[in-house]
Amino acid sequence: MAALFKSTNPRNSSEDPEEFRATLVEHLEELRTRIVRSLWLIIAGWVVAWNWIQPWASAVIDGMVDKNVRPMLDAHHIPYQIAWHSATEPFMFKLKFTFLMAIALAFPFLILQAWGFVAPALKPNEKKPFKVLAPFSVLLFFIGA
């Protein structure tokens, strides 16, 4: 797991980005590695979301019922059910919904991949604001989620 967030370029161990300059090919290799890792994270999140969709999907589907109609249905004990308009619509709903859940689950790790690609190019004084901002950003992300 720790290898997931390490730089693929071990030569760039210095804190000074001026000390080592990577070639274009090395930058593209690093970028490709980060993108592939990000895709694997999204796929892993998609598998998790696909297996745990039922409670989340029920909440979303219940939220699709009009807020003005729900009290009347509940007061008269009228059962309601979402009507799908085609045979593929339930599957496509599940596919799209789990993909969005996968993005939400993987988002903190995707940001770490982006940071891992950008951070070696920054000088220590340029990294300082990010080190202060990052904990608050993580906290705000989880509060928002």
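This is a predicted model: local features need pLDDT of at least 70, side-chain atom pairs count only at pLDDT 80 or more; totals for chains, interfaces and linings use all residues.
The protein chain contains 5 helices and 0 strands. In sequence order, the pattern of the protein chain reads α-α-α-α-α. Of the contacts in the protein chain with a separation of 6 or more, 71% are accounted for by residues 24 or more positions apart. Buried residues make up 19% of the 145 residues. The accessible surface of the protein chain amounts to about 10900 Å², and carbon and sulfur atoms hold 70% of that surface.

Two packed helices are described by the angle between their axes and the distance between the axes. For helix H4 (residues 89-118) and helix H5 (residues 124-144), the axes come within 12 Å and cross at roughly 175 degrees. H4 is therefore roughly antiparallel to H5, as the crossing angle falls in the range over 145 degrees that is assigned to this class. On the H4 side, the contact is made by Ala-104, Phe-107, Pro-108 and Trp-115. On the H5 side, the contributing residues are Lys-127, Phe-130, Phe-141 and Phe-142.

The loop between H4 and H5 contains Ala-119. With a relative accessible area of 10%, Ala-119 is classed as buried, because the class covers values under 20%. The C-alpha atoms of Ala-119 and Phe-130 are 9.7 Å apart in space, and the two residues are 11 residues apart in sequence. Phe-130 is also one of the H5 residues in the contact with H4.

Helix H1 spans residues 24-51. The count of salt bridges comes to 1. This salt bridge joins Arg-34 and Glu-30, whose closest N and O atoms are 2.9 Å apart. The separation of the nitrogen and oxygen atoms lies within the 4 Å cut-off, so the pair qualifies as a salt bridge. Arg-34 and Glu-30 are 4 residues apart in helix H1, which means that about one helical turn separates them. Both residues of the pair are buried.

Ile-35 is likewise found in helix H1. Ile-35 is partly exposed, with a relative accessible area of 45%. A nonpolar patch on the surface is formed by Leu-24, Leu-28, Leu-31, Ile-35 and Leu-39. Together, these five residues have about 480 Å² of accessible area.

Ile-43 is also placed in helix H1. The relative accessible area of Ile-43 is 42%, and Ile-43 is therefore partly exposed. Along the chain, Ile-43 and Ala-102 are 59 residues apart, while their C-alpha atoms are separated by 7.4 Å.

Conventions
Residues are numbered from 1 along each chain as its sequence is written. Side-chain values use heavy atoms; hydrogens and water are left out. Patches are made of residues with over 30% relative accessible area and no salt bridge: like charges are joined within 9 Å, nonpolar side chains (Val, Leu, Ile, Met, Phe, Trp, Tyr) within 5 Å. Accessible areas come from the Shrake-Rupley method with a 1.4 Å probe; for residues, only the protein chains shown count as cover. A salt bridge is a side-chain nitrogen of Lys or Arg within 4 Å of a carboxyl oxygen of Asp or Glu. Helices (H or I, at least four residues) and strands (E, at least two) are DSSP runs, numbered from the N terminus. Buried means under 20% relative accessible area, exposed over 50%, partly exposed in between (1.4 Å probe, protein chains only). Axes are lines fitted to C-alpha atoms, for helices over the stretch in contact, and angles run from 0 to 180 degrees between N-to-C directions. Angles under 35 degrees count as roughly parallel, over 145 as roughly antiparallel, 65 to 115 as roughly perpendicular and the rest as oblique. Contact means heavy atoms within 4.5 Å.
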